[in-house]
Amino acid sequence: MGDRERLARAALTRVLEPGDERGGRWLREVGATELIRRITARDGTAEQLRGMTTKRLAGYRLRAEAVDPERDLASVAAVGGRFVCPGDHEWPSQLDDLGDSRPTGLWVRGRPDLRLWALRSVAVVGARACTPYGAHMAASLGAGLAELGWVVVSGAAFGVDGAAHRGALSAGGATMAVLACGVDVAYPRGHAELIGRVAEQGLVIGELPPADHPTRSRFILRNRVIAALTRGTVVVEAEYRSGSLVTARSAQRLGRFIMGVPGPATSGLSAGVHELLRGEGVLVTDAAEVAELVGEIGDLAPARRGPVLARDLLDAASARVLDALPSHGSVSGRDIARTAGTSADEALGRLYELHSLGFVERAGEGWQLTPRPTRNGGPRRGGP
């Protein structure tokens with residue numbers, strides 16, 4: 001991309017709001033240099049743009065009066081950043097799936113290559129006012145995904161976002177924060193240290209130029225970038241009306257994977273996640289299950305099952321003989337055979353086999369279960 005086009009796109013990040021589809025269409029039709037020229041010139045060419053109104057043009061021109069792209073580029077360079085445009089080698093092409101609402105460009109702070117990191121990234125988002133359970137699950141997912149070589153992407157907000165970033169950082173892994181403000185602005189202020197750590201160890205990115213501050217609508221629009229940038233989105237705790245669910249719905253429309261971490265059925269903070277899981281969402285409980293869904297063929301989560309007990313390894317006939325013994329007292333071999341539905345000789349053979357394995361013992365002329373210690377040290381009767 002030429003210097004003039006780059007400067008024009010940098011200027012347009014101050015003129016157009018994130019996700020402005022009309023502006024995106026004009027960019028596609030006439031290019032950034034011509035678009036900023038038409039907006040600032042008063043030769044009637046701006047009015048020829050399809051969908052441009054007098055009121056809208058007045059707003060654009062008011063913003064354009066304060067545009068100084070060279071100053072913005074210098075400001076982001078001063079904090080170790082840069083401006084990445086569509087067509088650049090570092091531009092993540094998956095953002096093009098957003099069509100005319102794709103970012104005009106991205107302000108990036110940090111050393112890693114944005115395109116390479118985005119190729120293997122997962123979003124972990126959720127409630128700001130999360131519970132200790134939500135914070136624990138987000139941190140665990142962040143650390144686990146980082147250990148598996150995935151880039152953890154979130155919005156640097158309080159709650160789940162911050163926990164996911166911290167989890168990835170604690171594992172020495174990769175994480176990206178997508179902000180709804182300038183990349184040189186620490187928002188929320190309470191996360192200034194965290195955002196600084198992300199910038200040092202990973203990447204901080206945003207659509208808005210340096211020093212720009214967030215608004216409520218910009219948070220919602222920021223979520224579409226998180227959804228498009230990543231292979232999938234995991235939601236950890238979210239109420240019915242949650243920005244995290246906006247991210248998940250955006251990911252679903254873009255053909256990305258959407259996942260949810262279940263919580264208590266009585267928790268309002270998990271209600272939105274459960275609704276997601278009743279639809280197209282996939283239930284996940286750890287990083288391995290996330291990687292199995294979004295990763296390559298062969299990235300399988302380990303098989304999950306309860307503990308294997310000694311009696312689980314018995315064949316069917318021996319298990320029937322063992323089940324024929326009462327929980328208390330002894331019984332004769334003939335009675336055992338009758339209850340197990342087998343011959344006396346076979347029952348006797350099975351009993352001696354069970355005796356060698358420690359399940360039963362002789363009690364005079366009969367047989368009984370071997371007493372086993374309970375967890376509190378008292379006796380218990382029955383097999384292992």
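Analyst: One term before we start: contact, or touching, means heavy atoms within 4.5 Å.
User: Okay. Which residues does threonine 233 touch, not counting residues up to four places away in sequence?
Analyst: Threonine 233 touches Ala123, Val125, Ala227, Thr247, Ala248, Ala251, Phe257, Ile258 and Met259. This is a predicted model, where local features need pLDDT of at least 70, side-chain atom pairs count only at pLDDT 80 or more, and totals for chains, interfaces and linings use all residues. Residues are numbered from 1 along each chain as its sequence is written, and side-chain values use heavy atoms, with hydrogens and water left out.
User: Where does threonine 233 lie?
Analyst: In strand S7, residues 232–236. Helices (H or I, at least four residues) and strands (E, at least two) are DSSP runs, numbered from the N terminus.
User: And is threonine 233 buried or exposed?
Analyst: Threonine 233 is buried, because its relative accessible area is 0%. Buried means under 20% relative accessible area, exposed over 50%, and partly exposed in between (1.4 Å probe, protein chains only).
User: What about alanine 58, then: which helix is it in?
Analyst: Alanine 58 sits in helix H4, residues 54–64. Its relative accessibility is 46%, so alanine 58 counts as partly exposed.
User: How many Å separate the C-alpha atoms of alanine 58 and threonine 266?
Analyst: 51 Å, and the two are 208 residues apart along the chain.
User: Switching to the whole chain: how many helices and strands?
Analyst: The protein chain has 16 helices and 13 strands. Its C-alpha atoms fill a box of roughly 110 × 40 × 35 Å, taken along the principal axes. Buried residues make up 51% of the 384 residues.
User: Which residues touch the most other members in the largest nonpolar core?
Analyst: Leu95, Met176 and Val235, in a core of 32 residues. Helix H10 (residues 216–229) gives the largest share of this core, five residues. A nonpolar core is a set of buried Ala, Val, Leu, Ile, Met, Phe, Trp, Tyr and Cys residues joined through side-chain atoms within 4.5 Å.
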